[in-house]
Amino acid sequence: MKTFYFGGTVLPLDGTSPASGLVIEDGKILAVGKQADLEPLAKNACRVDLEGRTLMPAFIDGHSHITALAQTLGLAQLSGCRSLEEVGQRLKDFRNRWKVPAGEWVIGFGYDQNDLKEHRHPTAQDLDTMLPDCPVMVTHASGHMGTVNSLGLKTLGITKETPDPEGGKIGRCEDGCPNGYLEEAAFTNMGSRIPRDPEASLKNLSRAEEVYFSHGITTIHEGLMRQPEWELLQTASSRGLLRGDVAAYVDIKDSASLLEEHRDYLGTYRNRLKLAGYKLFLDGSPQGRTAWMTEPYQNGDPEYRGYPVHQDEQVLAFLEKAQREGVQIVTHCNGDAAAEQLLRCYEQAYQKYHRDIRPVMIHAQLLRPDQVPKLRELSMIASFFVAHVYHWGDVHVENFGWERASQISPVKTALENGVIFDFHQDSPVIPPNMLETLWCAVCRCTKSGKILGENQRITTEEALQAVTQNAAYALFEEEEKGTLSPGKRADLVILDRDPLACPPEKLKDLQVMETIKDGKTVYKAD
C-alpha cells in the first residue's frame with residue numbers, strides 16, 4: 001500500500017532542498033521530490049494533503065529512560081512544588097485518589113529543592129509529618145537523589161550501621177542515624193528494591209510510549225537497564241506491545257551479564273527492542289551539586305568539587321571491556337573532571353584495541369571548550385542535555401558563576417571541532433519535548449530571560465540535524481533512519497509549521513500534529 005503526502009513542505013534533511021511530496025510504501029520511503037513529479041508514481045496511492053504543514057523525519061531520542069518515565073506515570077507528580085507543604089499535600093491527594101492503604105508505598109517524583117521556598121531537600125522527619133503510616137519516597141527531578149521517610153528507611157533496612165555505597169551517600173543526623181536523604185548510588189540502589197506491579201508497569205510503559213510519540217519521537221532509549229527494566233521491556237517486546245523502537249543500554253557495573261545472556265538482541269531489533277550497548281556512570285548532577293568538577297562549586301564549602309563514582313582503574317576496566325567486545329558504551333559525564341576521566345581512560349582503551357564503537361559522552365554539561373577537540377580525536381559522540389540552559393541555567397550561574405555556566409552544553413564549539421552530537425531530555429527528568437530542546441539550542445535563554453552562552457548558539461537546521469541524522473548515527477542506524485531518503489524507514493513527523501521558516505524564538509511553540517512509525521500513525525493531535 002502506497003501513501004502520497006503532498007500540499008505542504010517536505011524537509012528531507014539529507015542536504016537536498018525542501019520538497020513538496022513524499023511517497024511511502026510498506027513502511028519505507030519510496031520517493032521524495034516535487035509533487036508534480038511524483039504524481040505518476042503515486043497513482044492509486046492513499047493521498048494525504050498536508051494542508052500547508054511540514055513533513056520531516058521523526059525525531060530520535062539521544063538518551064532517556066522509558067521505563068523510569070513509565071514508572072513516574074503511576075506516581076505523585078511533584079514538579080513545580082514551591083514548598084514542602086505543597087509536596088505533602090500532593091502526596092496526600094495522590095494517596096486519597098488511589099486509596100493507598102496503610103503500609104503500602106507512596107512515591108512522588110519531580111521535586112526540585114531549588115524551587116522550594118525552604119531551598120533544601122525534604123528529610124524523613126518532613127515526610128513523617130505528611131504520611132506517617134505509609135513508607136514514602138520522593139524523587140528529585142534529576143533522578144539522582146531523593147528522600148524516604150522513617151517507615152521507608154525501616155522497610156529498606158537502612159540503619160545507622162548501613163555504610164555509604166561506592167559512589168553514593170546516605171544523609172545522616174549528627175548522631176549518625178540516617179535522616180532519609182539518599183544520594184546517587186545510595187538512592188538508585190535502594191529505590192530499585194521497591195516492589196512493582198508487572199501488569200500496571202506494562203500499561204504505564206504503553207502510556208510512556210504515547211508521551212514520546214506526542215513529541216514526534218519514534219526511536220526511544222532505555223538509558224540504564226538492569227534486570228527489572230529488562231524483564232519489563234522484554235515482556236512488552238515478546239507480547240508485541242512496543243510500537244516504537246527501544247534501544248536499551250545495559251548497566252555495565254551491575255548487569256553486564258544481561259548482554260551476554262541475550263546476545264540475540266545485541267545490535268538488532270527483535271519485536272522493536274534491541275540491546276544497543278553498555279552504560280557507565282562517572283558522576284552526578286550539576287543542579288544537585290554532585291557533578292564532579294575540577295574547580296569548586298560556588299556558594300558553599302570552598303573546596304567542594306562533587307565526587308567521582310569510580311576511580312581510574314575501574315573506569316579503564318569497563319572501557320576496555322567494551323572495546324574488547326566491540327560493544328558501544330555510553331557514559332554519563334556532567335562535570336569537567338568526569339569528562340576528563342572518560343577522555344583519559346577511553347584513550348588508553350582505544351589505543352589497546354582500536355575498535356570503532358562510537359562511544360557517547362552523555363550530558364557533557366560542563367565539558368570545557370578545551371576538552372572538545374579530544375572527542376573528535378577519539379571519534380566520541382556528545383549527547384547534550386542542552387535544555388539545561390532553560391530549565392537550570394539560572395541555577396548553574398549560582399553554582400558555577402557566569403563564565404562556567406555560560407558554556408554549559410558547548411554545542412557550537414563541538415560543531416566547529418567536527419564533533420558529532422545529538423540532543424536529549426533525559427526523561428523523566430523533563431518531558432521528551434524535542435521542539436523545546438531545538439529552541440534551547442538555538443536561543444539559549446534561561447527561565448529568567450538571560451542569554452546564557454550566546455557564543456554556543458547554533459542554527460535551526462544544525463539543531464534539526466542533531467535530533468535526526470546525528471541521533472541515528474549514534475545508534476548505528478543512519479542507513480535506516482534520520483533523513484527522508486528512498487529506502488529508509490517511514491518514520492515521520494508532521495509539524496504545524498516549517499521550523500526552518502520559523503523565527504528562532506517561536507520554535508518552542510511549534511506543534512506536533514502527527515507522528516508516523518514505519519508508515520503507520522501512532523499519534524495524531526486532536
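Start by selecting residues 106–111 and 136–140: these are strand 8 and strand 9, which run parallel and are joined by five bridges. (Strands are DSSP runs of E, at least two residues, numbered from the N terminus; two strands pair if DSSP finds at least two bridges between them.) Before you go on, note that this is a predicted model, where local features need pLDDT of at least 70, side-chain atom pairs count only at pLDDT 80 or more, and totals for chains, interfaces and linings use all residues. Numbering runs from 1 along each chain as its sequence is written, and side-chain values use heavy atoms, with hydrogens and water left out.

Now click Val-106 and look across to strand 9, where Val-136 stands opposite.

Zoom out to the open sheet: six strands in the order 7-8-9-10-12-11, with mixed pairing. Strand 7 (76–77) and strand 11 (168–172) are at the edges with a single partner strand each, so one side of each has no neighbour in the sheet.

Next, the cavities. A cavity is a set of points on a 1 Å grid over the protein atoms alone where a 1.4 Å probe fits but cannot get out, and lining residues have an atom within 4 Å of a point. Searching the whole structure turns up two of 30 Å³ or more.

For the largest cavity, about 80 Å³, select its lining, including His-144, His-332, His-363, His-388 and Asp-426. That lining splits into three nonpolar, eight polar and one charged.

Finish at the second largest cavity, about 40 Å³. Its lining includes Gly-62, Tyr-249, Ile-362, Asp-422 and Leu-475.

Note on methods:
Helix = DSSP H or I, 4+ residues; strand = E, 2+ residues; numbered from the N terminus. 1 Å grid on protein atoms, 1.4 Å probe; cavity = no way out; pocket = protein on both sides within 12 Å on 5 of 7 lines; lining within 4 Å. Points joined across faces, edges and corners; volume = space filled by probe spheres on them. Nonpolar A, V, L, I, M, F, W, Y, C, P; charged D, E, K, R; others polar.
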